[in-house]
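Student: Could you walk me through this one, starting with whatever terms we need?

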Amino acid sequence: MICLKAFSSPLHLPTLGRLAPPSSALRARVAASASASAAAMSTSSSAVVAPVEHIVLLKARPESVASGAAAAMVSTLQALATQVPGLAYIHAGRILRLRSPAAEALGPTHLLHSRYATKQDLASYATHPAHVAAVQGHVLPNALDTTAIDWVNAAELPSPVSPGGAVRLTLAKVKEGVEVAELVEKVAAATKAAGEAKGAKVSFGENFSPARAKGYQFGMVAVFDSVEELDAVEGDGKVEEAKAAVRPLLDEVVVLDFVVEPAGGSPTPASL
């Protein structure tokens, strides 16, 4: 695992000029993931083998947090799990902590993370009446700002998310003259070299929905079984080597952590 620290439609960046084509192996892997019509699913964690990832960062209005309207927004988004066909996994909740200057500047308080077997499933979710109603009735009135990014997982293995798990999210912009596919390829190699550090599972890829991404071109989640496991990865030698391998490609990076609450669990207090 490496961390790259340095509404009625899915919330959708221009990639920079291409200097060199991605490797044939990478192109084949991403193409296969994007065109798959179905994917295997874990009944315990709703993990899709080659998921389409959808991330939305939400900056809730302070008055909405104080009144409970933000909590109602989260509950309404989470309820989409039983209302929208093709939605393989969804988590909505508060952000645990912001871990980079860019994340602090952006200031999100809440997050939605969902997964789909295909891009078409994501498109269907976007126009589903229950999703449209949630956006119009809860997100738009209660969010000061939103940032969204979508990618097809380019990792070789799935990254199942279990209740009680902790997730580190990274969004990145590449430096001028760097192709995003180059970063994806470098992350794939660095992650493989680092191994499954402290039990982390990763998903990463190039953003394919630019409209609401605020220029972020790459997304990655690293999934752990607990906050303690996530914290234990700090300072790991292999992880630090992996970070060093990709850092020269990066311009701006958002890093934050969130927790997937067990069913019936108490909300995790945010540390912002």
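This is a predicted model: local features need pLDDT of at least 70, side-chain atom pairs count only at pLDDT 80 or more; totals for chains, interfaces and linings use all residues.

Student: Okay, so is His 110 buried or exposed?

Tutor: His 110 counts as buried, because its relative accessibility is 3%. His 110 is in strand S3, residues 110-116, where helices (H or I, at least four residues) and strands (E, at least two) are DSSP runs, numbered from the N terminus.

Student: What does the side chain of His 110 have a polar contact with?

Tutor: The side chain of His 110 is joined to that of Thr 109 by a polar contact of 2.7 Å. A polar contact is a pair of N or O atoms within 3.5 Å; within protein, one must be able to donate a hydrogen and the other to accept it, and residues adjacent in sequence count only if both atoms are side-chain atoms.

Student: And which residues does His 110 contact, leaving aside neighbours within four places in sequence?

Tutor: Taking contact as heavy atoms within 4.5 Å, His 110 is in contact with Val 56, Leu 57, Leu 58, Ala 60, Val 65, Ala 70, Val 74, Gly 93, Arg 94 and Ile 95.

Student: Switching to helices, how do H5 and H6 cross?

Tutor: The axes of H5 (residues 119-127) and H6 (residues 129-142) come within 5 Å and cross at roughly 55°. Axes here are lines fitted to C-alpha atoms, for helices over the stretch in contact, and angles run from 0 to 180 degrees between N-to-C directions. The two helices are therefore oblique to each other, given that angles under 35 degrees count as roughly parallel, over 145 as roughly antiparallel, 65 to 115 as roughly perpendicular and the rest as oblique.

Student: Which residues make that contact?

Tutor: H5 contributes Tyr 125, Ala 126 and Thr 127, and H6 contributes Pro 129, His 131 and Val 132. They divide into four nonpolar, two polar and no charged, where Ala, Val, Leu, Ile, Met, Phe, Trp, Tyr, Cys and Pro count as nonpolar, Asp, Glu, Lys and Arg as charged, and the others, Gly among them, as polar.

Student: How many aromatic pairs are there?

Tutor: Rings of Phe, Tyr and Trp (its six-membered ring) pair if their centres lie within 6.5 Å, and planes under 30 degrees apart count as stacked, over 60 as edge-to-face and the rest as tilted. By this rule the count comes to two aromatic pairs. In the pair of Tyr 116 and Tyr 125, the ring centres are 5.4 Å apart and the planes are at 50°, so this pair is tilted. Both Tyr 116 and Tyr 125 are buried.

Student: What about the phi of Lys 214?

Tutor: Lys 214 has a positive phi of about 55° although it is not a glycine. Most residues other than glycine have a negative phi. Lys 214 lies in the loop between S6 (201-206) and S7 (218-224), and at 35% relative accessibility Lys 214 counts as partly exposed.

Student: Last one: is Asp 225 buried or exposed?

Tutor: Asp 225 counts as exposed, at 56% relative accessibility, and is found in the loop between S7 and helix H8 (227-232). Not counting residues up to four places away in sequence, Asp 225 touches Gly 164, Gly 165 and Ala 166.

Note on methods: Residues are numbered from 1 along each chain as its sequence is written. Side-chain values use heavy atoms; hydrogens and water are left out. Buried means under 20% relative accessible area, exposed over 50%, partly exposed in between (1.4 Å probe, protein chains only).
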